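Work through the exercises below with the structure open beside you. Try each task before you read its solution.

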Amino acid sequence: MIRHLLSGADLDAATATQILDTAAEMATVAGREVKKLPALRGRTVVNLFYEDSTRTRISFEAAAKRLSADVINFSAKGSSVAKGESLKDTALTLQAMGADAVVVRHPASGAPHRLANWVDGSVVNAGDGTHEHPTQALLDAYTMRSRLGRIAGLHVAVVGDVLHSRVARSNVLLLSTLGAKVTLVGPPTLIPVDIPQALAPGTDVSYDLDTVLPGVDVVMMLRVQRERMNDSYFPSAREYARRYGLDGPRMRRLPEHAIVMHPGPMNRGMEITPEVADSPRSTIVEQVANGVSVRMAVLYLLLGGNNR
Ligand code: NCD
């Protein structure tokens, strides 16, 4: 097993499959009356969040607690980070406290990689800037596998603000490792020219959602990340929704079996309408539930279930 999980590229097919299989076992715990395993008793997991988060943060906390680890939640707000403490000094503090794993979300791309050089424990990237979010890609893969029975051979459209999306980057890497085909769809201003070939040769690009939809098994909608935009990448929200938003009529162009995913948080009415988000094809709530099982598997394998 790997020591850190920093990028989708850290996972070969065997390791990713081991995580997904372990997550399936972890999912059975969620159905029990007592949702707890003793696997990480006496180990300490620190959640180090420098950026806002709802799902990912709660999910990692629930995962660590269900494995009986001691959990320390650190948020940059209200800590000495607000006094200007550097990431390195914070890392040394965590090190002194004996953290076995540090789960980090940071606005700077590459911050988790730096952290991995400064602490002895395992580092899990919970989203770094516009770079990567590998556990999101794992939970997305888990959701596809549980809904559609496989990942190899699937055609997945990843739609919207690819430029700012760490979810898209990690998904392209992991899905191609697992044998799925990815088509990135969005306005040309939001699809970096270098991304498809640099990340995974075989990744396609399309600027026309309507022509792509009838041929996919999965459509993954991305949030338009206005907080990361200091330029105008499209004329207006209305125009964006008209060309790239997934609404009821567009959803009906999908094959019967196809599913609709979104990592959350959603801009309802922008990239996805409520009719689609709340439809039976939508896996949005399932993705959140699967996130806990997948993060349990990641923490378990990095900390306990390996033989390092
Ligand atoms: C994503 C993120 O933070 O990268 N959300 C998540 O982790 N569920 C996507 C987003 O913010 O749009």
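## Exercise 1: Two helices in contact

Helix 5 (residues 134–148) packs with helix 6 (residues 166–177) at an angle of about 55°, and their axes are 8 Å apart. The model is a predicted one.

Task: Classify the packing of helix 5 and helix 6, and describe their contact.

Solution. 

1. The crossing of the two, helix 5 and helix 6, is right-handed.
2. On the side of helix 5, the contact involves P134, Q136, A137, L138, D140, A141 and M144; on the side of helix 6 they meet V167, S170, N171, L174 and L175.
3. Sorted by class, the contact of helix 5 with helix 6 has eight nonpolar, three polar and one charged residues.

## Exercise 2: Helix 12 and its partners

Task: At what angles does helix 12 (residues 284–304) pack with helix 5 and with helix 2? List the residues of helix 12 that take part in each contact.

Solution. 

1. Start with helix 5. Its angle with helix 12 is about 115°, and the axes are 8 Å apart. Helix 5 passes helix 12 in a right-handed crossing.
2. From helix 12, the residues E286, Q287, N290, G291, V294, R295 and V298 take part. They meet T135, Q136, L138, L139, D140, Y142, T143, S146 and R147 in helix 5.
3. The contact of helix 5 with helix 12 divides into five nonpolar, seven polar and four charged residues.
4. Now take helix 2. Helix 2 and helix 12 pack at about 50°, with axes 8 Å apart. This angle makes helix 2 oblique to helix 12.
5. Helix 2 and helix 12 also cross in a right-handed way. Helix 12 contributes V288, G291, V292, R295, M296 and L299, while helix 2 contributes R55, T56, S59, F60, A62, A63, A64 and R66.
6. The classes in the contact of helix 2 with helix 12 are eight nonpolar, three polar and three charged residues.

## Exercise 3: The five-stranded sheet

Task: What is the strand order of the open sheet of five strands, and which helix lies across strand 5, strand 6 and strand 8?

Solution. 

1. The strands follow the order 7-6-5-8-9, with parallel pairing.
2. Strand 7 (204–206) and strand 9 (259–261) are at the edges, each pairing on one side only.
3. From one strand to the next, the twist averages 25°.
4. Strand 8 (residues 218–221) runs parallel to strand 9, with three bridges joining them. V218 stands opposite I259 in strand 9.
5. The helix is helix 6, which lies across strand 5 (155–159), strand 6 (181–185) and strand 8. Helix 6 runs at about 155° to strand 6.

## Exercise 4: Local details

Task: How many aromatic pairs does the structure hold, where does S68 lie, and which peptide bond to P265 is cis?

Solution. 

1. There are three aromatic pairs. One of them is Y50 with F74, a tilted pair at 6.1 Å centre to centre and 50° between the planes.
2. The pair links distant parts of the chain, 24 residues apart: Y50 lies in the loop between strand 1 (44–49) and helix 2 (55–66), and F74 in strand 2 (residues 70–75).
3. S68 lies in the loop between helix 2 and strand 2. Its phi is near 70°, a positive value in a residue other than glycine.
4. The cis bond runs from G264 to P265, with omega near -5°. P265 belongs to the loop between strand 9 and helix 11 (274–277).

Technical notes. Residues numbered from 1 in each chain as written. Predicted model: local features only at pLDDT ≥ 70, side-chain atom pairs only at ≥ 80, totals over all residues. Heavy atoms only, no water. Pairing = 2+ DSSP bridges. Helix = DSSP H or I, 4+ residues; strand = E, 2+ residues; numbered from the N terminus. Axes fitted to C-alpha atoms, helices over the stretch in contact; angles between N-to-C directions. Contact = heavy atoms within 4.5 Å. Left-handed = near helix turned anticlockwise from the far one by under 90°. Nonpolar A, V, L, I, M, F, W, Y, C, P; charged D, E, K, R; others polar. Phe/Tyr/Trp six-rings, centres within 6.5 Å; stacked < 30°, edge-to-face > 60°. Parallel < 35°, antiparallel > 145°, perpendicular 65-115°, else oblique.
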